[in-house]
Amino acid sequence: GYYYRAHLLETNAWANYTWGIGGFSLGVSGSVGYSNMYREGMWRKGLFPNDSKGDSKKLDYLTYDAKLALGYKFSGAHSIEANVAYMQQAPKFATAFVSPRTRNTTTPGLSAERVFGVDASYNLRVGDLKARVSGYCTRIYDQSKVISYYDDVAATFTNFAMSGIDKLHFGLEAAVSIPLYRSLALNGAVSW
């Protein structure tokens, strides 16, 4: 009952640079890209006669990301590292259209998703004993989502499209690896 084509074009160019001197390390990377997508309906659906056949609106997005990694080794046993990232990503085809199987309608308020993240870690290594404590925070802006479900009240299949979703993820993690015998080790982790 469905006949359509998903047209996707994604390009990307990236570069990275790493540098270290003494116990200090630095990594810088970035990318820039372009994303274009549209739906081509191959036949006219009875429910959506004016919005199912032919090409949908073409969606164009500039994508990019920038990342910075810093590290410092105090000694062979103690080190710290921190990372920062900022990126802009195109929405996925499945969330760009309310119902790509049936029509060309795009999700209202659709835009590129932006992500900002930062994390920091302390690492301990004494012989074969390893331990790590990390903290992170990631903020996501303008995410889109389409949920498809059967609506019992209306007795029909429904697509619920959302845009402008913001999320915040943060937490702490601790992990340890304790050698027991030869190559056997006890590994444990806890996170909040």
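## The largest pocket

The largest pocket of this predicted model holds about 230 Å³ of space. Its lining consists of 14 residues, and those closest to the pocket centre are N12, T63, Q88, Q89 and A90. Two or more lining residues come from each of the strands β1 (4–21), β2 (24–41), β4 and β5 (78–89).

Sorted by class, the lining of the largest pocket comprises seven polar, four nonpolar and three charged residues.

## The largest nonpolar core

Nine residues form the largest nonpolar core: M37, L59, Y61, A90, F93, A96, F97, L110 and A112. The elements that contribute two or more residues to this core are β4 (59–73) and α1. A90 belongs to this core and is also among the residues closest to the centre of the largest pocket.

F97, a member of the core, has contacts with Y38, R39, S56, L59, N104, T105, T106, T107 and V146, leaving aside residues up to four places away in sequence.

T106 lies in the loop between α1 (93–96) and β6 (113–126). Is this residue buried or exposed? T106 counts as buried because its relative accessibility is 18%, and the cut-off for burial is under 20%.

Apart from residues up to four places away in sequence, T106 touches K57, L59, A96, F97 and V98.

Notes. Residues are numbered from 1 along each chain as its sequence is written. This is a predicted model: local features need pLDDT of at least 70, side-chain atom pairs count only at pLDDT 80 or more; totals for chains, interfaces and linings use all residues. Side-chain values use heavy atoms; hydrogens and water are left out. Helices (H or I, at least four residues) and strands (E, at least two) are DSSP runs, numbered from the N terminus. Buried means under 20% relative accessible area, exposed over 50%, partly exposed in between (1.4 Å probe, protein chains only). Contact means heavy atoms within 4.5 Å. A nonpolar core is a set of buried Ala, Val, Leu, Ile, Met, Phe, Trp, Tyr and Cys residues joined through side-chain atoms within 4.5 Å. On a 1 Å grid over the protein atoms alone, a cavity is a set of points where a 1.4 Å probe fits but cannot get out, and a pocket is an open set with protein on both sides within 12 Å along at least five of seven lines; lining residues have an atom within 4 Å of a point. Grid points are joined across faces, edges and corners, and a volume is the space filled by probe spheres set on the points. Ala, Val, Leu, Ile, Met, Phe, Trp, Tyr, Cys and Pro count as nonpolar, Asp, Glu, Lys and Arg as charged, and the others, Gly among them, as polar.
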